[in-house]
Number of protein chains: 2
Amino acid sequence: MEFPGNLRFTINEKLYLKDPESSELGRKILKYSIILIDQIGFESFTFKRLGQCIGSNESSVYRYFENKHKLLLYLSSWYWSWIEYRMLFSIQNIADPLQKLHRVIEVVAAEVKDDETTAYIDEAILNRIIISEYSKTFLTKEVDKENKDGFFLVYKRINLLLADIISEVKPDYPYSKTLASSIVVGTINQHFFKQHFKAITDFSGHDGEVASFYIKTLDKILL
Amino acid sequence: MEFPGNLRFTINEKLYLKDPESSELGRKILKYSIILIDQIGFESFTFKRLGQCIGSNESSVYRYFENKHKLLLYLSSWYWSWIEYRMLFSIQNIADPLQKLHRVIEVVAAEVKDDETTAYIDEAILNRIIISEYSKTFLTKEVDKENKDGFFLVYKRINLLLADIISEVKPDYPYSKTLASSIVVGTINQHFFKQHFKAITDFSGHDGEVASFYIKTLDKILL
DNA sequence: CATAAGTTAATAGTGTTACTATTAATTTTG
DNA sequence: CAAAATTAATAGTAACACTATTAACTTATG
């Protein structure tokens with residue numbers, strides 16, 4: 001797949017105080033927060049450590065993001081926008097619904113290799129962060145308020161895109177949204193189990209297993 | 001369903017410093033930590049606030065649990081032990097594998113009404129905590145170490161019990177474990193979506209919807 | 001070109017959290 | 001009943017999340 005270089009997505013403005021893509025320091029914050037969260041985990045990640053990491057300090061980071069929760073929401077929005085883009089790209093000019101379904105599943109369920117879409121965002125590492133940290137963005141007491149603010153819009157759009165394709169494959173299927181959402185979140189869970197709870201998966205470790213499980217399962221459910 | 005009163009489960013000893021079921025204060029800690037975590041969320045929950053809540057203080061709580069993460073793991077272990085017990089109970093003397101599968105799904109996927117199993121644990125509230133906090137117990141950098149310590153054993157046992165029943169229904173099905181784990185974690189996700197991301201489900205809000213979705217889906221996959 | 005205005009970054013703080021060491025009070029036991 | 005063991009509260013510490021203030025540097029304007 002070939003993508004235009006230096007892709008940019010529109011991110012909800014309420015997620016940042018100053019656009020991190022607009023300055024050198026901002027791009028450094030994005031790049032190294034991804035690396036640092038992956039390395040030490042979101043709980044141990046602090047703006048102080050990030051500041052040290054980029055040769056700046058805490059309060060400079062605070063001028064871009066209100067707190068680390070918003071930063072994680074920003075990175076997640078970026079990730080899901082990138083997935084959405086690739087989903088739409090992968091089904092361009094494809095007419096057959098089943099074909100579309102399979103391609104879209106490949107995109108959400110695939111292991112991500114680093115891709116040169118942007119210089120300051122390493123998609124492979126970001127994918128690991130989403131696997132282990134994404135659910136923390138909505139498993140909070142503020143979820144309903146933040147949902148109203150549109151912080152989960154891109155994520156929900158991806159779920160509905162998949163649901164629509166499911167409906168194209170089988171128009172009378174009554175659970176397209178539930179099925180879609182259980183697959184999108186399911187792929188993330190399975191990637192985690194594959195790495196940490198091997199006992200409760202049948203995967204042997206090679207690429208594309210998660211996608212192929214969901215494709216086979218969907219075929220049985222819908223055909 | 002009828003259960004013996006005052007049920008007790010064996011909880012991994014590494015999860016506590018002093019057995020909370022062995023004293024009045026300990027039982028109060030269990031009871032009110034469940035209520036408080038549900039009320040304010042796990043992030044805002046502190047031992048100081050819990051101490052105030054039970055008319056005691058912080059350091060007394062620390063004599064029972066090393067930190068709030070271990071307390072959450074304790075509560076989760078209790079919850080999954082209770083689910084496992086009810087799963088096994090529900091399939092006693094049932095010979096038909098498909099019947100067993102359906103009953104077991106009803107147990108994992110059901111909304112929990114308070115049950116009088118124990119005086120100091122409100123299962124309905126605990127179920128809400130599991131829905132919004134359980135994944136935080138394993139989405140940490142310590143997961144592999146804690147997995148070796150057996151902190152997730154009961155959870156994995158439930159997944160494997162379901163996988164075994166799937167294999168009984170269809171012995172040649174190659175993904176029983178993956179399917180089982182995607183259902184157990186899927187039910188929890190769907191309950192959350194039902195409450196907070198209604199746009200990505202097809203549920204209308206009445207009881208048993210999640211269970212019935214998974215039962216129908218499993219029937220299509222396996223039969 | 002000088003100076004005001006605006007932007008950026010660092011210092012130094014505050015209140016809270018997570019956790020510990022110490023001491024005081026109570027209960028158990030020989 | 002005294003010694004030993006257990007329990008509980010006080011008082012502390014280091015780190016964290018976040019803010020107010022000030023210093024420095026850049027840009028705009030008369």
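1. Two residues are taken to be in contact if their C-beta atoms, placed from the backbone, lie within 7 Å, and helices (H or I, at least four residues) and strands (E, at least two) are DSSP runs, numbered from the N terminus. The model is a predicted one, in which local features need pLDDT of at least 70 and side-chain atom pairs count only at pLDDT 80 or more, whereas totals for chains, interfaces and linings use all residues. Residues are numbered from 1 along each chain as its sequence is written, while chains are lettered from A and ligands numbered from 1 in the order in which they are written.

2. Within chain A, the contact between α4(A) and α6(A) brings Leu72(A), Leu75(A), Ser76(A), Tyr79(A) and Trp82(A) of α4(A) up against Glu123(A), Leu126(A), Ile129(A), Ile130(A) and Glu133(A) of α6(A). These contact residues comprise seven nonpolar, one polar and two charged, where Ala, Val, Leu, Ile, Met, Phe, Trp, Tyr, Cys and Pro count as nonpolar, Asp, Glu, Lys and Arg as charged, and the others, Gly among them, as polar. The axes of α4 (residues 68–91) and α6 (residues 123–133) of chain A come within 10 Å and cross at roughly 115°, with axes fitted as lines to C-alpha atoms over the stretch in contact and angles running from 0 to 180 degrees between N-to-C directions.

3. Chain A is superposed on chain B by a rotation of 180° with 0.0 Å of shift along its axis, at an RMSD of 0.0 Å; the two copies are thus related as by a two-fold rotation axis. The same surface serves both copies, since 98% of the contact residues of chain A recur in chain B.

4. The contact between the chains takes 41 residues from chain A and 40 residues from chain B. On the side of chain A that touches chain B, the elements giving two or more residues are α6, α7 (135–138), α8 (143–148), α9 (153–169), α10 (176–196) and α11 (209–222) of chain A. Of these, α10(A) gives the most, with eleven residues, and the side of chain A as a whole divides into 17 nonpolar, 15 polar and nine charged residues.

5. DNA strand C is surrounded by 13 residues, the closest being Ser56(A), Ser59(A), Thr46(B), Ser59(B) and Asn67(B), where a residue is near a strand if its C-beta atom, placed from the backbone, lies within 6 Å of it. The surface near DNA strand C has two nonpolar, eight polar and three charged residues, and α3(B) gives the most to this surface, with three residues.

6. Around DNA strand D, the residues include Thr46(A), Lys48(A), Tyr62(A), Leu25(B) and Ser56(B). The largest share of the surface near DNA strand D, three residues, comes from α3(A), and by class this surface has two nonpolar, seven polar and three charged residues.

7. An unreviewed UniProt entry places a "DNA-binding region" at residues 46–65 of chain A, with the caveat that such annotations may be inferred rather than shown by experiment. Over residues 46–65 of chain A, the chain is 60% helix and 0% strand, with the end C-alpha atoms 12 Å apart.

Notes: Copies are superposed by least squares on the C-alpha atoms of residues with pLDDT of at least 70 in both.
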